[in-house]
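Colleague: I would like to learn how to read strands, sheets and ring pairs. Could we go through them one at a time?

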Amino acid sequence: MFSFVRNAPTRKLVLAALSVLGLLAALTAIAVAATGNSAKPPAKPLSSAVHDALSAPRVQGVTARISFTNRLIESSSIQGGSTPLLSGASGRLWASDDGRIRLELQSEHGDVEVLSDGKTLTVYDATSNTVYELALPQRLADPTPSSGIPTIGTIEKTLSQLGADANISGATPSNVAGREAYTVQVSPKHDGGLLGSVQLAWDATNGTPLRAAVYAAGSSSPVLELTATEINFGAVDSSVYAIAPPSNAEVINLNSPVGQSADERHGSQPTLSGASAVQKELAFPLADPATLDGLPQQEVRLASVNSSKAALVTYGKGLGGIAVLEQPAKKSNGNSPGKDITGSLPSVSIDGTTGHELATALGTVLTFDRAGVSYTVIGSIPPVAAEAAARGL
């Protein structure tokens with residue numbers, strides 16, 4: 001080889017060098033293609049990025065591979081194992097412009113199918129052979145776009161108003177699933193409880209959401225994240241949505257929101273508030289101290305749970321506040337799904353009464369029964385604060 005270099009004509013040496021450079025360039029191009037496109041879009045103001053996303057041509061459908069992360073709950077907090085909804089998983093997602101969505105999560109703990117036709121949300125958990133059904137609010141169920149795209153000026157005004165209570169980043173050029181994207185981060189300025197921030201990334205070309213993540217205060221890793229790892233755009237075959245859970249699956253209907261009656265949901269009955277007025281409607285004594293764990297009482301309102309009259313008492317402001325739901329205690333029959341779920345949570349003593357507590361990275365839910373009344377304390381607060389609030393009742 002060295003003799004070739006010494007004796008070969010200059011023209012041959014140049015041709016050989018160019019051949020080697022060409023080979024290296026080809027290998028480099030292959031390597032870049034193998035790792036996917038990592039380009040980022042040009043920088044632009046957030047208002048412009050949002051306007052462009054809203055005014056972009058509507059895609060017919062999406063087919064994607066996704067990754068779902070859930071670090072909200074420690075596995076030790078739930079007895080009887082875990083599911084992809086609690087432990088996280090990888091999977092696939094399909095969505096059409098008529099509102100239909102299918103999400104398939106796969107993990108070593110089992111599979112979960114999430115299906116929506118734009119009107120009803122159905123979740124099938126294979127690990128427990130259980131189907132959860134929820135009717136979606138009409139404003140979410142209607143996929144028809146609004147009457148017009150807001151102007152950049154209108155978007156800037158809205159962002160300015162939101163900025164009074166939240167820190168809003170600019171549109172950060174990024175790349176998700178090989179697509180040029182913009183990412184925005186929003187964090188509370190005050191009364192944020194355990195919430196640190198929320199991030200959303202969307203496709204710079206067509207505005208399709210590509211990633212959503214929720215961070216706990218003081219954490220650099222998301223506690224909840226749904227992100228696309230591969231994505232393609234185009235019509236989705238209707239057969240993708242033609243799936244049904246097993247006929248022997250247990251069905252749990254979630255269509256009765258806690259703390260709201262059917263009349264209130266349809267706007268036919270005004271909300272009753274005030275401790276005295278609410279107490280007259282209740283069949284049990286109302287617990288409504290002026291302060292709870294150092295937070296002042298904000299409101300007492302009448303609520304409804306499973307057609308029974310209940311009370312919702314709130315303390316403090318913002319996400320750092322506490323809500324207490326008070327309702328008649330259910331008689332134990334051993335067959336209630338809610339009872340089974342509560343019984344699987346860690347126990348905690350509330351002044352001699354056994355309660356059950358679900359502690360997450362973003363908040364705590366604590367339930368206990370006393371003297372025929374069931375109490376649920378919930379807030380974006382640590383367990384010690386929720387326990388102190390429960391004892392304050």
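Colleague: Which residue is the bridge partner of Leu325 in strand 21?

Modeller: Strands of a sheet pair through backbone hydrogen bonds, either parallel or antiparallel. Here, Leu325 has Thr376 of strand 21 as its bridge partner. Strands (E, at least two residues) and helices (H or I, at least four) are DSSP runs, numbered from the N terminus. Two strands pair if DSSP finds at least two bridges between them. This is a predicted model: local features need pLDDT of at least 70, side-chain atom pairs count only at pLDDT 80 or more, and totals for chains, interfaces and linings use all residues. Residues are numbered from 1 along each chain as its sequence is written, and side-chain values use heavy atoms, leaving out hydrogens and water.

Colleague: How many bridges pair strand 17 with strand 21?

Modeller: Seven bridges, in the antiparallel sense, between residues 322-328 and residues 373-379. Pro328 stands opposite Val373 of strand 21. Strand 20 is also joined to strand 21 by seven bridges, again antiparallel. There, Arg370 stands opposite Val373. In the hairpin of strands 20 and 21, two residues lie between the strands, and Ala371 takes a positive phi near 55°.

Colleague: What is the strand order of the open sheet?

Modeller: The order of its eight strands is 14-15-16-17-21-20-19-18, with antiparallel pairing. Strand 14 (291-292) and strand 18 (347-350) are the edges, each pairing on one side only. Helix 10 (residues 383-391) packs on the sheet and touches several strands, including strand 17 and strand 21. Touching means heavy atoms within 4.5 Å.

Colleague: Why is strand 21 described as largely enclosed?

Modeller: Six of its seven residues are buried, so the rest of the structure largely encloses strand 21. Buried means under 20% relative accessible area, exposed over 50%, partly exposed in between (1.4 Å probe, protein chains only).

Colleague: How do I read a pair of aromatic rings?

Modeller: Such a pair is described by the distance of the centres and the angle of the planes. Rings of Phe, Tyr and Trp (its six-membered ring) pair if their centres lie within 6.5 Å; planes under 30 degrees apart are stacked, over 60 edge-to-face, the rest tilted. This structure holds two such pairs. Tyr182 and Trp202 are tilted, with 6.5 Å between centres and 40° between planes. Tyr182 is in strand 9 and Trp202 in strand 10, 20 residues apart. Tyr182 counts as buried because its relative accessibility is 2%. Phe368 and Tyr375 are stacked, at 5.1 Å centre to centre and 20° between the planes. Both Phe368 and Tyr375 are buried.

Technical notes:
Axes are lines fitted to C-alpha atoms, for helices over the stretch in contact, and angles run from 0 to 180 degrees between N-to-C directions.
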